[in-house]
Amino acid sequence: MDPWLALCLVASVDGSVTLGDVSGGLGGPADLRALARVRDACDVILVGAGTVRDESYPPYPGGEARQQQRLAKGLAPRPPIAMVTRTGRLPDGHPLVADPQRPPIVIVAEADEAASRSALASTPAGPGIRWIVAGDDTLDWRGALDGLAALGLPRISCEGGPGINGALLEAGLIDEVFLTLAPALVGGEGLRLTSTRGPAQRTELTLVSALTHGSELLLRAR
């Protein structure tokens, strides 16, 4: 099965994806429910190491009821986290690598593999980490997604950050977007949904649904 990738994110009305350097201050109850539903329909959650550090990303947090719902859909009870990194460096005791029974997948370019393996080897989850090496000096995003599909994880929910979102956009690998528009203006210099290195260009999406919950607007587009 070919990989299918969806972005799952929240933004303020003025386009910021963070408040106080994290996204958690933006989304309300509807966003949290939407995030849970996307997570519970995917095979794997893709996230960048910067977001893992900033948001203290743990393994999948769904309880017994959500795990049973996933099993009823023919999915594994808990989707793994796949972290994209160049260094493998995480704070001591970080929850993503604290449980040897729930190791993440780590995705690197070949040039970053040795340093990343060294940085994560001594963590409790280190021996059980599954590695995807895609690309030489820089990450081959198509190869990374194909690597996840080869592990039996073709349905991918990407939760950022903007650098990864932008790289996937430039590579033409985004199939679907789940966006919660938070009823807030935050100002400042917050990051946009995507951050790209190349010139701006328009990528067309088709709106699939638009739902409201209180003042939150939940958009789904392909």
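What share of the 222 residues of the protein chain count as buried? The figure is 44%. This is a predicted model. The protein chain has six helices and nine strands. Its radius of gyration is 17 Å, close to the 17 Å that the globule rule gives for 222 residues, so the chain is as compact as a globular protein of that length.

**Overall build**
- Along the principal axes, the C-alpha atoms of the protein chain fill a box of roughly 45 × 45 × 35 Å.
- Take the contacts in the protein chain with a separation of 6 or more: residues 24 or more positions apart account for 74% of them.

**Surface and charge**
- The protein chain has an accessible surface of about 11500 Å². Carbon and sulfur atoms hold 52% of that surface.
- There are 20 positive and 25 negative side chains in the protein chain. The centres of these two sets lie 6 Å apart.

**Cysteines**
- The structure holds zero disulfides.
- Cys8 is in no disulfide, and its nearest cysteine sulfur, that of Cys42, is 9.0 Å away. A disulfide needs the two sulfur atoms within 2.5 Å.
- Cys42 is likewise in no disulfide.
- Cys8 is buried, with a relative accessible area of 10%. Cys42 is buried too, at 4%.

**A look at Gln67**
- Gln67 sits in helix α3, which covers residues 64-72.
- Gln67 counts as buried because its relative accessibility is 14%, and the cut-off for buried is under 20%.
- Leaving aside neighbours within four places in sequence, Gln67 is in contact with Tyr60, Gly62, Pro77 and Arg78.

Terms used
Residues are numbered from 1 along each chain as its sequence is written. This is a predicted model: local features need pLDDT of at least 70, side-chain atom pairs count only at pLDDT 80 or more; totals for chains, interfaces and linings use all residues. Side-chain values use heavy atoms; hydrogens and water are left out. Helices (H or I, at least four residues) and strands (E, at least two) are DSSP runs, numbered from the N terminus. Buried means under 20% relative accessible area, exposed over 50%, partly exposed in between (1.4 Å probe, protein chains only). Contact means heavy atoms within 4.5 Å. The radius of gyration is taken over C-alpha atoms; the globule rule is 2.2 Å times the number of residues to the power 0.38. Accessible areas come from the Shrake-Rupley method with a 1.4 Å probe; for residues, only the protein chains shown count as cover. Lys and Arg count as positive and Asp and Glu as negative; His and the chain ends are not counted. The place of a charge is taken as NZ of Lys, CZ of Arg, CG of Asp or CD of Glu.
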